[in-house]
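Keep the viewer open while you read.

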Amino acid sequence: YYYRSPRHRKNYILSFLFEFDRESDTYFFAYSFPYTYTDLQRYLHFLDQQDFAFYKRELFCRSVQNRRVDKLTITSPEPQATKLKRKKTIFISCRVHPGESPAQYVAHGMIEFLVSDDPAAQIIRDNFIFHIVPMLNPDGVFLGNYRCSYLGFDLNRQWSHTSHWAHTPIYYTKREIIRLRRDPSVELDFYIDTHAHSTMMNGFMYGNTHDDSAFHEKELLYPKLLDMNAKDFSFSATQLNRDPNKAGTSRRTLGEQLKGAVHCYTLEVSFFCSTVAGSKLKAEPYTQESYMELGRNVILTFLDFYRLPNPHRKSAINFNNL
C-alpha cells in the first residue's frame with residue numbers, strides 16, 4: 001500500500017507487511033528469483049556428468065576475480081543428415097547485468113531444451129550449432145551487484161572499446177563472434193543477448209534498423225514468429241532502432257560490425273509479469289518455470305524461421321501473411 005510519509009516530505013511511500021511466522025528461519029527479500037554463480041556451476045557440472053555426445057563445455061576465459069566464464073557448444077556430432085545445406089550457427093549470451101536473474105532462467109530454459117530428448121530438440125541439434133555463454137559477469141553476480149562488474153563497469157556499454165583486462169568476458173566474446181563470422185566454414189546467422197526489464201511487461205526484443213530493406217524485413221521476421229510461439233512475448237513492444245544511447249551495447253556494436261550478415265538482438269523479459277491477450281488489466285506474474293518456457297520457445301522459433309519441421313506446431317505457417 002501507499003501512504004504519505006511525514007518523514008519523506010509527505011511523499012507517497014510504497015510499503016508492505018510481512019509476517020515472520022517461523023522464528024528459526026532466515027528470510028531474504030529479493031527483487032526477483034535468485035540464480036547464483038554457484039547455481040550455474042552446479043547445473044553445468046550436472047550436464048558434464050551426462051556425457052552427452054552433442055554437448056561440450058569449455059573454459060572460455062576467467063573473470064577479473066578469476067571466476068570461470070564458460071562457453072557451451074551444443075550440436076549433433078558430424079556427420080548428421082541436415083535439411084539445411086549447412087548448419088547455421090547461433091550465438092547466445094546472458095547475465096551481463098548481474099541483477100537480471102530472470103534472464104538467467106530464460107537461458108536455463110534454452111539449455112535445458114537443447115539437451116533434452118524432445119524430437120524438436122533433435123531436429124535443432126541436427127541443423128544448428130549453438131554457442132552459449134550463460135554468464136558474462138560472474139564477478140558481479142557473486143558480489144550481488146545489480147548492473148556493474150567488480151571494477152564498477154556496466155559491461156554492456158563496453159563492446160565498442162573492450163579491454164582485455166578490465167572487460168575480459170566481453171573482450172573474448174566479441175573476439176569469438178567476429179572470428180566465427182570471418183570463418184568461411186561457419187554460417188553465423190544470429191546473436192542474442194538475454195536481459196530482464198524493470199518497467200515493461202512480457203518478453204520483447206530490440207533489434208537494429210538496416211538500410212538493406214530485405215534484411216530489415218528479415219530482422220522483423222524472427223520476433224514475429226516468436227510472438228506466435230510464446231503467449232508472453234510481445235511483438236508490439238519489439239523495436240528496431242539505432243538509439244545512440246545504446247551505442248556501446250552488444251546488439252548495437254555487433255550489429256554495426258556484422259552489418260547485413262548477422263541478426264543481432266537484445267532479448268528482454270519483464271521482472272514482473274506478462275499480460276493475457278495483450279490486456280494490461282490481466283497480468284500473470286512470471287515464475288521460474290514460465291521464464292524457462294520463454295527460453296524453450298526462443299529455441300523452437302528457429303525451426304519456424306528456417307522453415308524446418310516443428311513437432312510442436314499443429315499447422316504450417318503462412319509466411320505470405322507475415
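How many cavities of 30 Å³ or more does the structure hold? There are two. Bear in mind that this is a predicted model.

Start with the largest cavity, which has about 80 Å³ of space. By class, the lining has eight nonpolar residues, three polar and one charged.

The second largest cavity holds about 40 Å³. Its lining is made up of Asn208, Thr209, His210, Arg242, Arg252, Gly255, Glu256 and Lys259. You won't find a nonpolar residue there: four are polar and four are charged. Helix H7 (residues 250–257) gives the largest share of this lining, with three residues.

Now for the nonpolar parts. The largest nonpolar core has 57 residues, and the ones touching the most other members are Ile74, Phe128, Phe130, Ile192, Tyr222, Ile299 and Phe302. Helix H8 (residues 288–305) supplies the largest share of this core, nine residues. Another core, of 20 residues, lies apart from it and has Phe91, Val133, Leu188 and Val262 among its members.

Click on Ile299 for a closer look. Beyond its neighbours within four places in sequence, Ile299 is in contact with Ile92, Met110, Phe113, Leu114, Ile124 and Phe130.

On to the rings: the whole structure has 34 aromatic pairs. Here are two of them.

| Pair | Centre to centre | Between the planes | Type |
|---|---|---|---|
| Tyr31 and Phe272 | 5.8 Å | 85° | edge-to-face |
| Phe33 and Tyr291 | 6.4 Å | 75° | edge-to-face |

Both link distant parts of the chain. Tyr31 is in the loop between strand S2 (11–14) and helix H1 (37–50), while Phe272, 241 residues apart from it, is in the loop between strand S10 (263–270) and strand S11 (273–276). Phe33 is also in the loop between S2 and H1, but its partner Tyr291 is in helix H8, 258 residues apart.

Finally, ring pairs join Phe128, Phe130, Phe190, Tyr222, Tyr265, Phe302, Phe305 and Tyr306 into a cluster.

Note on methods:
Residues numbered from 1 in each chain as written. Predicted model: local features only at pLDDT ≥ 70, side-chain atom pairs only at ≥ 80, totals over all residues. Heavy atoms only, no water. 1 Å grid on protein atoms, 1.4 Å probe; cavity = no way out; pocket = protein on both sides within 12 Å on 5 of 7 lines; lining within 4 Å. Points joined across faces, edges and corners; volume = space filled by probe spheres on them. Nonpolar A, V, L, I, M, F, W, Y, C, P; charged D, E, K, R; others polar. Helix = DSSP H or I, 4+ residues; strand = E, 2+ residues; numbered from the N terminus. Core = buried A, V, L, I, M, F, W, Y, C linked by side-chain atoms within 4.5 Å. Buried < 20%, exposed > 50% of the residue type's maximum accessible area, 1.4 Å probe, protein only. Contact = heavy atoms within 4.5 Å. Phe/Tyr/Trp six-rings, centres within 6.5 Å; stacked < 30°, edge-to-face > 60°.
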